[in-house]
Number of protein chains: 2
Amino acid sequence: MKNFADRLIGEINRKKSVAVVGLDPRIESIPEHITKEAKDKFGETFQAIGYSFFEFNKRIIDKVFPHVAVIKPQMAFYEAYGPEGITAFKKTVAYGKKKGLLVIEDAKRNDIGSTAKAYSNGHLGNVEVFSKKENSFDVDAITVNAYLGTDGVSPFVNACQEFGKGMFVLVKTSNKSSGDLQDVKLADGRTVFELMASFVNQWGQEQIGSNGYSSVGAVVGATYPEQAKVLRTLMQKSFFLVPGYGAQGGSAKDTLNCFNDDGLGAIVNSSRGIIFAYKKPEFQCSETEFEQASEKAIIKMNQEINKALKEQNKIPW
Amino acid sequence: MKNFADRLIGEINRKKSVAVVGLDPRIESIPEHITKEAKDKFGETFQAIGYSFFEFNKRIIDKVFPHVAVIKPQMAFYEAYGPEGITAFKKTVAYGKKKGLLVIEDAKRNDIGSTAKAYSNGHLGNVEVFSKKENSFDVDAITVNAYLGTDGVSPFVNACQEFGKGMFVLVKTSNKSSGDLQDVKLADGRTVFELMASFVNQWGQEQIGSNGYSSVGAVVGATYPEQAKVLRTLMQKSFFLVPGYGAQGGSAKDTLNCFNDDGLGAIVNSSRGIIFAYKKPEFQCSETEFEQASEKAIIKMNQEINKALKEQNKIPW
């Protein structure tokens with residue numbers, strides 16, 4: 001199995017993009033021509049929600065796939081609608097992969113070892129369906145919360161090894177309260193997030209690909225550029241999945257500390273800013289042209305980040 | 001809405017049981033007469049897995065419901081099989097509630113505020129299905145991982161308030177590696193798990209019911225009785241959800257430190273030890289009598305814990 005970090009770098013170079021499109025559908029923001037179609041077919045049901053989510057995602061993927069390497073559906077928004085939401089998630093993953101995109105599932109899963117194995121089998125690996133082995137979700141990578149320590153993380157690391165998959169461990173998250181626990185000082189002088197960074201190095205050391213990067217990455221918010229600078233030196237071989245760009249307030253410049261000097265080591269997510277770009281007057285698209293707005297928004301995001309990287313001589317291609 | 005902690009105490013007193021039956025189905029341990037029926041109906045498919053899980057759970061619930069107040073399905077085992085697994089989960093929750101049981105979903109969900117809201121809406125509250133509001137899972141309580149801090153936890157706390165639901169925050173988990181992060185000493189002399197305990201107090205202070213207990217509880221492993229003793233003094237108003245009993249090595253005596261002097265404040269989970277009890281010769285049940293074995297096992301567990309509580313004068317009824 002080809003190492004995930006190598007696959008990721010290959011696609012970043014091919015698309016000349018370090019952007020990630022976050023597919024976080026919210027029913028109240030999905031254009032009416034889609035929801036009308038859904039309601040006409042299925043009534044006001046969970047099925048109609050699932051239909052709306054997948055149709056919306058599909059049309060965005062059709063427009064953005066030439067411009068990005070990675071999509072990141074956020075599981076919460078699908079799971080909130082039960083089995084029908086999960087079906088839309090599964091179809092989105094399959095469609096994105098068919099279009100050649102890498103799919104990172106933002107699920108922040110975690111549990112004790114034997115249970116974490118069920119999560120890693122389901123999301124990254126495969127499950128036993130009686131005498132057969134089947135894939136349930138088969139995403140390329142998943143986000144993981146490591147509050148439970150090494151044995152809760154190992155099943156995911158093993159799946160990275162066995163199936164060429166990746167994972168991103170929450171280190172310093174983008175939200176306002178992330179410091180409540182993550183910034184707390186330890187007796188040894190480090191912060192909790194710095195300790196977590198040292199675990200990420202340890203968990204990822206056997207997963208390093210031919211480009212020198214590990215398939216065990218870290219989530220580091222664009223909203224905390226100073227902490228990102230520290231973390232970049234602490235986890236030199238890890239890819240950072242960087243949320244917080246755009247709607248959450250992070251700028252292209254704010255993401256720069258997440259990159260290494262080779263212009264690699266980070267991928268930057270924007271969700272609302274891309275998928276609901278039709279709401280912004282600057283893109284001059286009506287609601288029925290939402291996918292064109294998303295295309296314009298991702299092109300603009302690529303330009304902004306690539307320009308900022310170039311100014312620091314960090315562009316990798 | 002009636003406070004969750006009050007509802008929990010009411011059911012504990014009515015059933016005279018502080019036990020929780022963990023419904024963690026594993027296809028390889030489900031009796032053959034069920035899986036055969038499933039394969040005859042649906043072939044070797046995800047649907048057959050879902051059918052097996054629900055049939056298995058249903059027959060166990062039918063036998064154990066007079067003896068316990070709470071069941072705790074572990075989401076990982078269902079989710080691993082995608083939408084069909086989630087359907088079995090949803091049906092299990094509905095069936096348990098129909099039988100008068102409280103359902104704690106072990107999902108360890110977590111995210112930034114706006115996304116955590118999607119989780120809390122889906123699992124505890126309700127979601128917008130166009131012009132209607134619908135319940136997706138509607139469990140009574142959920143486990144939550146608080147690595148992201150207050151804003152990631154608030155949506156769950158708000159759902160406790162609004163819908164009379166409960167939550168259990170991971171504080172000191174039962175697994176071997178839980179100390180990697182949770183036992184680390186902070187600059188102020190406390191451990192990470194002690195800091196987390198102080199957050200739990202803070203998050204739960206507005207959710208205290210008429211019995212003096214909060215609907216914001218904590219997960220504290222039976223495998224760490226010394227830490228549980230400390231945590232009992234630090235979180236006096238919180239219910240502890242105690243995993244680690246039975247198959248994970250914790251005894252009835254090991255759980256005692258999780259209880260307050262009133263005999264309340266803790267519920268103790270056993271999963272494999274109850275649902276796969278048919279495998280133990282002591283219960284003298286064949287595979288086709290698995291549900292009778294589960295009933296014998298839960299009666300035995302109640303007796304063991306109640307005896308241990310009684311010896312410390314901690315019995316609440």
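Two strands are said to pair if DSSP finds at least two bridges between them, and helices (H or I, at least four residues) and strands (E, at least two) are DSSP runs numbered from the N terminus. The model is predicted, so that local features need pLDDT of at least 70 and side-chain atom pairs count only at pLDDT 80 or more, whereas totals for chains, interfaces and linings use all residues. Residues are numbered from 1 along each chain as its sequence is written, and chains are lettered from A and ligands numbered from 1 in the order in which they are written.

View 1. Eight strands of chain A, in the order 1-2-3-6-7-8-9-10, form a closed barrel with parallel pairing. Neighbouring strands of this sheet are turned by 30° against each other on average, direction ignored. Strand 2 (residues 70-73) of chain A joins strand 3 (residues 102-109) of chain A in the parallel sense through two bridges, and Ile71(A) has Val103(A) in strand 3 of chain A as its bridge partner. Helix 13 (residues 290-311) of chain A lies across strand 1 (19-23) and strand 10 (266-270) of chain A, and runs at about 145° to strand 1 of chain A. Axes here are lines fitted to C-alpha atoms, for helices over the stretch in contact, and angles run from 0 to 180 degrees between N-to-C directions.

**View 2. Helices 6 and 7 of chain A.** Helix 6 (residues 113-123) of chain A packs with helix 7 (residues 150-163) of chain A at an angle of about 30°, and their axes are 7 Å apart. That makes helix 6 of chain A roughly parallel to helix 7 of chain A, where angles under 35 degrees count as roughly parallel, over 145 as roughly antiparallel, 65 to 115 as roughly perpendicular and the rest as oblique. From helix 6 of chain A, Gly113(A), Ala116(A), Lys117(A) and Ser120(A) meet residues of helix 7 of chain A, among them Asp151(A), Pro155(A) and Phe156(A); residues are in contact if their C-beta atoms, placed from the backbone, lie within 7 Å.

**View 3. Helices 3 and 13 of chain B.** The axes of helix 3 (residues 46-64) of chain B and helix 13 (residues 290-311) of chain B come within 9 Å and cross at roughly 45°. That makes helix 3 of chain B oblique to helix 13 of chain B. Among the residues that meet here are Arg59(B) and Lys63(B) in helix 3 of chain B, and Glu291(B) and Glu295(B) in helix 13 of chain B.

**View 4. Strands 9 and 10 of chain B.** In chain B, too, eight strands close into a barrel, in the order 1-2-3-6-7-8-9-10, and the pairing is parallel. Strand 9 (residues 238-242) of chain B and strand 10 (residues 266-270) of chain B are paired in the parallel sense over three bridges, with Val242(B) opposite Val268(B) in strand 10 of chain B.

View 5. The contact takes 60 residues from chain B and 60 residues from chain A, and helix 6 of chain B gives the most to the side of chain B that touches chain A, with six residues.

Key. Two residues are in contact if their C-beta atoms, placed from the backbone, lie within 7 Å.
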